[in-house]
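Subject: Structure handover

Hello,

Please find below the sequence and the structure we talked about. My notes on it follow.

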Number of protein chains: 2
Amino acid sequence: MPDAEAPAGPVLDLLLETPLVKDRSGASLQRQLHQRIRGAILDGRFPSGCRLPGSRALATALGISRNSVTAVYDLLGAEGYITLSRQGTRVSALERPASRPRAARQAASPPVARRAARIRDSTLNAADNLPLRPGVPALARFPLSAWKHCLDRAVRQAGPSGLWYGDPLGEPALRAAIMRHLAVARGVRCEPEQIVITEGAQEALTLCVRLVTNPGDTAWIEDPGYRGAKTAMLGGDLDVIPMRVDDSGLSVPERAWTTQTPRLVYTSPSHQYPTGAVLTAARRLDLIDRAQRHGAWIIEDDYDSEYRHAGELVGAMQGLVPDAPVLYGGTFSKTLFPSLRLGFLVLPDALAAKAAPWLRETLRGGHRYEQLALAQFIESGQFSRHLGRMRRLYKRRQDALRAALTQHLDVPHVVAGGDSGMHLTVRLPDDCLDTRIAEAARAFEMAPMPLSRFALRPLPEDNGLVLGYGNTSESLFVPLVQRLAKLIAADRQEGKG
Amino acid sequence: MPDAEAPAGPVLDLLLETPLVKDRSGASLQRQLHQRIRGAILDGRFPSGCRLPGSRALATALGISRNSVTAVYDLLGAEGYITLSRQGTRVSALERPASRPRAARQAASPPVARRAARIRDSTLNAADNLPLRPGVPALARFPLSAWKHCLDRAVRQAGPSGLWYGDPLGEPALRAAIMRHLAVARGVRCEPEQIVITEGAQEALTLCVRLVTNPGDTAWIEDPGYRGAKTAMLGGDLDVIPMRVDDSGLSVPERAWTTQTPRLVYTSPSHQYPTGAVLTAARRLDLIDRAQRHGAWIIEDDYDSEYRHAGELVGAMQGLVPDAPVLYGGTFSKTLFPSLRLGFLVLPDALAAKAAPWLRETLRGGHRYEQLALAQFIESGQFSRHLGRMRRLYKRRQDALRAALTQHLDVPHVVAGGDSGMHLTVRLPDDCLDTRIAEAARAFEMAPMPLSRFALRPLPEDNGLVLGYGNTSESLFVPLVQRLAKLIAADRQEGKG
């Protein structure tokens with residue numbers, strides 16, 4: 001250890017430069033003194049070998065107890081900043097990276113992951129819920145007090161035992177409730193052991209990717225399609241191939257199965273997002289059959305399926321064929337509320353068995369009161385009643401939006417989707433630009449989304465607006481559509497000018 | 001389409017085989033009929049081209065309204081199962097994978113991810129909180145009603161607006177509260193923009209891995225160390241290298257920096273888990289310096305740091321050196337309760353800026369009422385007071401456990417750790433086997449963990465027990481340790497016999 005003697009005088013002066021802030025707590029004084037000495041050591045004001053004042057002298061000078069100073073010295077000693085010996089207290093020999101020039105330090109900053117660089121920022125994910133924004137349920141109509149009642153009851157019934165982790169796959173009561181609900185409402189056939197509770201749909205997707213793919217595998221997503229699917233696939237370092245969607249849903253060219261054989265296929269067959277197409281039975285069976293032949297897994301994102309407006313519900317793919325390689329995902333973000341962050345994944349039987357060790361080691365359970373409250377909300381029938389009320393409300397809102405479009409959107413356009421869900425998709429002529437219109441609309445406090453932004457490789461037919469009606473009152477659609485019509489007309493004019 | 005005429009008679013008989021279950025709802029009747037017809041089509045009883053009975057005939061036969069039958073036929077038509085025309089209603093031409101033999105289907109089941117196969121199941125993650133289990137806080141002492149009060153208030157104040165997603169990085173109020181708490185309690189220097197709220201420590205680790213590593217990169221973990229770190233690294237397809245821990249914490253051989261250069265280093269410097277070692281200041285500075293030189297990131301898991309029993313708190317590495325490549329992670333699982341699932345990550349300034357687009361696209365926010373309640377719990381001082389109460393409680397419990405070990409553990413042993421936290425680590429002689437003892441202990445309703453199971457490459461000194469005292473009453477330690485002593489003696493005897 002170097003022995004560069006430094007007099008205690010300046011050291012003491014530096015320590016006394018500003019007074020310690022005294023409050024009731026002795027611990028606070030110690031903390032301040034500790035930070036002050038440590039700071040001076042780290043920034044080089046107290047160099048290696050520098051002798052610190054004796055504890056008695058320092059205590060007197062600072063007007064605090066000697067015990068406090070001793071405690072601080074002991075801690076600094078334990079941390080290795082100073083060395084206490086019979087010869088006095090000295091600063092230890094330390095290397096100080098901070099003393100290198102700032103530029104050198106910044107240049108040395110390690111790189112970030114490639115996957116992080118593959119995502120561009122997007123205003124689409126802004127945390128607003130302006131009118132016409134797709135994907136927003138009627139938040140004001142959510143029975144918050146009934147939900148709160150279930151939550152209170154769960155806390156009362158589970159008590160402090162609900163504070164502990166719980167089953168990594170999710171509360172058994174909730175998984176059983178979801179199984180029963182899915183069987184009746186969606187034709188999904190499963191046992192509670194196949195269900196994993198997730199943080200909403202996004203974690204369900206991430207979990208699928210991590211469970212059945214390796215980096216570099218090929219994944220197919222719908223184009224246009226749900227952006228979160230692409231994000232999840234890129235997050236798993238997959239090679240993401242967009243597949244077009246037509247009026248019958250995901251459309252796969254025959255040759256793609258051999259030239260771009262996927263390990264994973266993402267689809268939203270009940271109500272394709274955002275086009276609203278329903279995947280036909282023939283395509284469903286074909287997709288399952290080819291996936292089985294080519295060793296691929298299918299993610300069935302059962303988006304919006306609970307809100308069927310035209311006729312009976314369309315059943316899930318999951319229950320169509322025994323042992324189909326289908327991972328069925330759902331969320332309560334749209335049926336209850338987004339910030340609840342509860343979703344689920346139904347794994348095929350064989351996969352559930354294989355994946356259990358990894359899932360149990362990786363997941364932690366948690367949010368148990370919320371999970372128990374949700375189980376109760378479902379089992380008591382409140383969930384079904386809420387779904388029924390919302391389905392009727394969304395139907396009325398969709399009708400009002402359709403009427404407003406018919407009457408006030410005076411450009412040639414095609415309305416797609418609407419058999420289920422909370423949005424309509426309006427295709428626009430190609431002499432206007434959907435991104436510009438959507439951006440202009442934000443100035444008028446509305447958030448329609450440009451259809452082209454849902455596409456990885458946008459075609460001319462992907463020029464349009466995705467209009468959410470879930471969170472918008474019926475009376476607003478006429479003025480909103482009138483305003484949109486003006487914005488579109490102005491945009492077309494500008495394009496010609 | 002093939003035109004294999006099938007008489008309506010048998011079809012009708014099949015549909016009438018069992019009566020529909022009638023309850024109050026017409027929708028339910030339709031659903032049953034839909035599932036019955038679809039099922040018969042899918043399992044081949046109604047083959048392609050098979051003609052279905054007319055809607056009037058079927059309605060009469062079933063004793064339901066004709067509208068119901070029409071609605072079901074419309075849905076089946078929309079799904080593509082049947083074709084409706086003037087010539088009547090017929091089953092469409094479909095390929096049926098289910099008709100292939102079962103063995104062929106199972107053989108075709110796609111593989112799971114390699115990472116899922118790298119994790120063995122472990123009883124260590126069992127969701128129990130038996131006495132002596134490490135990592136369990138004093139759940140019964142958690143002020144559940146005070147917490148509930150904060151939660152109720154958050155729901156009241158935020159109202160339905162709290163149902164929407166919120167900031168993907170977490171509620172600004174919570175991030176500001178955490179920033180203030182960390183500055184005072186841990187010497188962490190950051191702005192709220194650098195903080196990301198996570199699902200507990202595990203998601204914080206996963207996020208670090210996804211943010212700064214690519215598959216195949218090298219990561220160092222502590223050995224013995226926190227199993228969750230290994231799980232997170234394997235989940236990111238990293239090459240995981242164990243580094244030994246000694247009495248001064250993580251110990252890195254000089255040559256490792258060049259022969260096994262890491263992209264990521266995991267450490268728990270304040271109170272190494274499970275050995276309890278404190279990483280010395282010299283090693284901290286050296287680690288930061290070398291990480292900067294070699295382009296590595298450091299995860300500082302500030303485990304157990306809030307419960308310092310001997311002297312003043314040990315400060316965090318994060319604030320030691322400006323621009324250090326340190327990702328600082330913490331959780332409220334131990335300081336509040338595990339099922340809350342709220343933790344956080346403090347990113348270095350430059351990384352936070354680079355990572356923001358990816359984080360905003362990947363994360364969803366959520367659990368907003370819980371986040372707002374926690375912000376309130378911290379800002380009102382209730383969190384600090386709770387920490388103070390728990391620190392005193394854990395000190396008493398540790399003292400009681402130490403006394404019981406001294407008096408009743410009559411085998412040669414060494415007690416390590418205990419300067420902070422909720423557990424002690426007891427090293428045992430190598431003529432007994434910690435895994436066998438831990439397993440035997442479960443029969444007596446206690447869950448000490450075998451030290452060797454924390455090591456990737458166990459050495460003889462890793463034979464021991466990790467004893468949690470957080471959730472165990474003082475009065476229980478004597479009988480528990482007496483029982484453990486008997487189990488250890490029996491195991492040593494057996495080894496000799």
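Two strands count as paired if DSSP finds at least two bridges between them. The model is a predicted one, and the notes below should be read with that in mind.

Sheet of chain B

Strand S9 (residues 297-301) and strand S10 (residues 326-331) of chain B are such a pair: they are joined by four bridges and run in the parallel sense. Across this pairing, Glu300(B) has Tyr328(B) of S10(B) opposite. Both strands belong to an open sheet of eight strands in chain B, with mixed pairing and the order S4-S11-S10-S9-S8-S5-S6-S7. Which strands stand at the edges? They are S4 (195-198) and S7 (249-250) of chain B; each has a single partner strand, so one side of each lacks a neighbour in the sheet.

Helix H8 (residues 172-186) of chain B lies across three of these strands, namely S4, S10 and S11 (343-346). The helix runs at about 105° to S4(B).

Helix H12 of chain A

H12 of chain A covers residues 281-294, which is 14 residues. From first C-alpha to last, H12(A) reaches 20 Å, close to the 20 Å expected at 1.5 Å a residue. Just after H12(A) comes Gly295(A), with a positive phi of about 70°.

Cysteines

How many disulfides does the structure hold? Over all chains the number is zero. Cys208(B), for one, is in no disulfide: the nearest cysteine sulfur belongs to Cys190(B) and is 14 Å away, whereas a disulfide needs the two sulfur atoms within 2.5 Å. Cys208(B) is also buried, at 0% relative accessibility. Cys432(A) is buried as well, with a relative accessible area of 3%.

The two chains

Regards

How values were computed
Residues are numbered from 1 along each chain as its sequence is written. Chains are lettered from A and ligands numbered from 1 in the order in which they are written. This is a predicted model: local features need pLDDT of at least 70, side-chain atom pairs count only at pLDDT 80 or more; totals for chains, interfaces and linings use all residues. Side-chain values use heavy atoms; hydrogens and water are left out. Buried means under 20% relative accessible area, exposed over 50%, partly exposed in between (1.4 Å probe, protein chains only). Helices (H or I, at least four residues) and strands (E, at least two) are DSSP runs, numbered from the N terminus. The expected span of a helix is 1.5 Å times one less than its number of residues. Contact means heavy atoms within 4.5 Å. Axes are lines fitted to C-alpha atoms, for helices over the stretch in contact, and angles run from 0 to 180 degrees between N-to-C directions.
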